[in-house]
Amino acid sequence: MLRDITLGQYYQTDSVIHKLDPRVKLIATICFIISLFIVKSWIGYAIAAVFLAVSIKLSKVPFKYMIKGMKAIVFILLITVVFNLFLTPGEVLVSVWKIRITKEGLQTAVTMAVRLSFLIVGSSIMTLTTTPNSLTDAMEKLMKPLKVFKVPVHEVAMMMSIALRFIPILLEETDKIMKAQIARGADFESGNLIKKAKAMVPLLVPLFISAFRRANDLAMAMEARCYRGGEHRTKMKPLKYAGRDRIAYGVLAAYFAVCIVIGIYL
Amino acid sequence: MGIIKTDRLVFEYIRRDEEGNVEGITRAVDEVDLDVKKGEFVAILGHNGSGKSTLAKHINAILYPTEGSVWVDGMDTREEKDLWNIRQEAGMVFQNPDNQIIGQVVEEDVGFGPENMGVPTDEIWERVEESLKAVGMYQYRKFSPNKLSGGQKQRVSIAGVIAMHPKCIILDEPTAMLDPNGRREVVRAVRALNDVEGITVLLITHYMEEIIHADKVFVMDKGKVAMQGTPREIFSQVEKLKQLRLDVPQVTLLAHELKKSGVDLPAGILTVEELTQALEHAQKYRH
Amino acid sequence: MSIILDHVNYIYGSDTSLAVHALKDINLVIPDGQFIGLIGHTGSGKSTLVQHLNGLIKPSNGNIYFNGEDIHAQDYNKKKLRSKVGLVFQYPEHQLFEIDVFSDVCFGPKNLGLSRQETELRAYAALKQVGLEDDYFYQSPFDLSGGQKRRVAIAGVLAMKPEILVLDEPTAGLDPKGRDEILDQIAKLKEETGITVILVSHSMEDVAKYVERIIVMNQGAVMLDDIPREVFKHYKELEEVGLAAPQVTYIMQALSKKGMPVRTDVTTIAEAKDEILRVLGSGR
């Protein structure tokens, strides 16, 4: 079923990483991703690997669970590797019929594979240990300076959190409407692309109507509960940095500095 | 003046065809006079399309009267300056449990109203705790709403309204999409609020079993108040209720049928207990 | 012509730690022409069960036979099965999508590959069967009232001319009159065409008046399967699983306890009335 997809979904447990302020995790994830593209040497990747391994260990999320949710992405990873492996020109290592593997190809392929898988694991640590809600909170708070440029930060964050709340509901609804139309003899699988696209109409029309009805209901319910935008609003769970967050920032800064140094000199 | 009062309330909306031309005007609410006293449990009955939901939306200032007026705790709903006070004092619970929960965690949803009102953080936590306890959902405070049953979701919605410390709650068919167990849960929670916390309740429904304990019942039809009185007075008019597309609990219907066949029973029997006693009496009388 | 469920089990999420045993060893025979009530509270497995009947869900193990053929056999024609076992989902009006009522009802028969004439004839007949007036046929289905929309959705399934009609809570959200109208219409349809009808509900009151057999589901298993009179005798067990017998059952039980010599196994208001009048009359 559609709602069984676990890719990066919040994993409930009690760990240091879970307790960190979501802003720390968001910034750390961004820094980590950047660091993957700064370093170019094996020692750099080794340091990134250590950083990643420690984070996974601290997060208490079973490594198996983390990998299981990534099955869908393995395909993309493979394609990238294969393309780089066979299509990069350079010094030929192995040659079978028309297929050639070059030294440069091998190098890029491995680098890409490492970068991509680190990137995915790294960001999934964030989503596995942070509820979508606190993540949107963190974004709202971090992007607050943008308000000066009339960016509707609060509204964007509210939209994101509502979208997250309704995704499972709409997925379930899709499943139900699909089944209802199949029960009326609809066929979503066979036929060419045009036929398939046409077959989606009996699914999409009811889904849109339902989404609009829900949006309408929700807007009314929010107004009835005195919602009037971000002004005058207080927070039930305001974000506050604690000691461990400062330590985490320290560790992060050190890691990032090392990566920059390695990136420049090695 | 009562806590909720309407005076010759009329609401009309304009129907348009596909090109946007005016097709006609529909009078959804037609000269309704309502007076609800503080602490009362008032039920509004009516079939689908009788105008009862449209009426309810006026009390929370979601809709404004075309003619006549609505007052909540002495405030006219058309006064813009009182809008947020009215919405805080007259909380509203809607029909679809999925479409009114905003938070992704139960406690966060209950805190949504107080957050909007600008309540300080510590007090929000107090309010969330007491509200969830009042509807018996405290142990679910860390749950995702998607993991709850329909009845539980509606109780969370009710808690979300209580956390705003309203003087009255308007429930717009809160049980229409629930199964019998969910319905019982919600009605029990609503009655407790009325009995224990003294909150004025306006319950809109078409399930007759839910209103037996109401202080006053209004029955709506075609936008007008067609009947009003105590539940007993209302239930004693079985034929009229049927004309208004409603029915009565089986026990009331059976009593009515027996009465029609000549058994001497009082009108408006509401419970199994009442019927058995009356029948016992009738049996002795015949001997 | 019948459906046989033979040791049907359904487990979902079996590869995770959250596996749920939604159906447990279901054995049922659904013969031709019966009017069956399928009762259970939310999560009892009744909706999962009905989705097995037309092959929307494949059992984890066990077999389902329609007219003697295994519906999950390699070469079995599922599309044909779905036209024979019509399934009306809960809130079926949410599946409407066409620009007018008539086209929406045509969707089913059209998918069966019928000629245009046959499709339209069937759609017309189906709309008549649910009692919708001609005036509405070319209106947008979204402009109709809740009760009318539901009729259109039911007609959409009827137009496939099913031999078995399964309705998952067809009265949810309707007002009392709307509920009675739909149920009366279904009963009438049953009488006129003789098809098998399975009515899924959580209300005993609703089904007691119409059905000849009640299947009670609890925690994924069949708890009771009998004629209504016999099922309601177990009213105490029904209460334990969050269900209840119709209120008349309780009235008769209470009267009997007070020493009135009434039969306690009545299931409808009309029966209860006759029974009480009989006892009152004989006392004179």
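What share of the contacts in chain A with a separation of 6 or more comes from residues 24 or more positions apart? The share is 75%. Here two residues are in contact if their C-beta atoms, placed from the backbone, lie within 7 Å.

This is a predicted model, in which local features need pLDDT of at least 70, side-chain atom pairs count only at pLDDT 80 or more, and totals for chains, interfaces and linings use all residues. Residues are numbered from 1 along each chain as its sequence is written, while chains are lettered from A and ligands numbered from 1 in the order in which they are written.

Start with chain A. It holds 11 helices and 2 strands. These are DSSP runs numbered from the N terminus: helices are H or I with at least four residues, strands E with at least two. Along the sequence the pattern reads α-α-α-α-α-β-β-α-α-α-α-α-α. The radius of gyration of chain A is 23 Å, well over the 18 Å from the globule rule for 266 residues, so the chain is more spread out than a compact globule. That radius is taken over C-alpha atoms, and the rule is 2.2 Å times the number of residues to the power 0.38. Along the principal axes, the C-alpha atoms of chain A fill a box of roughly 65 × 60 × 40 Å.

Now turn to chains B and C. Their contact takes 31 residues from chain B and 32 residues from chain C. On the chain B side, helix H6 (180-197), helix H9 (250-260) and helix H10 (272-286) each supply at least two residues. H10(B) gives the most, with 8 residues.
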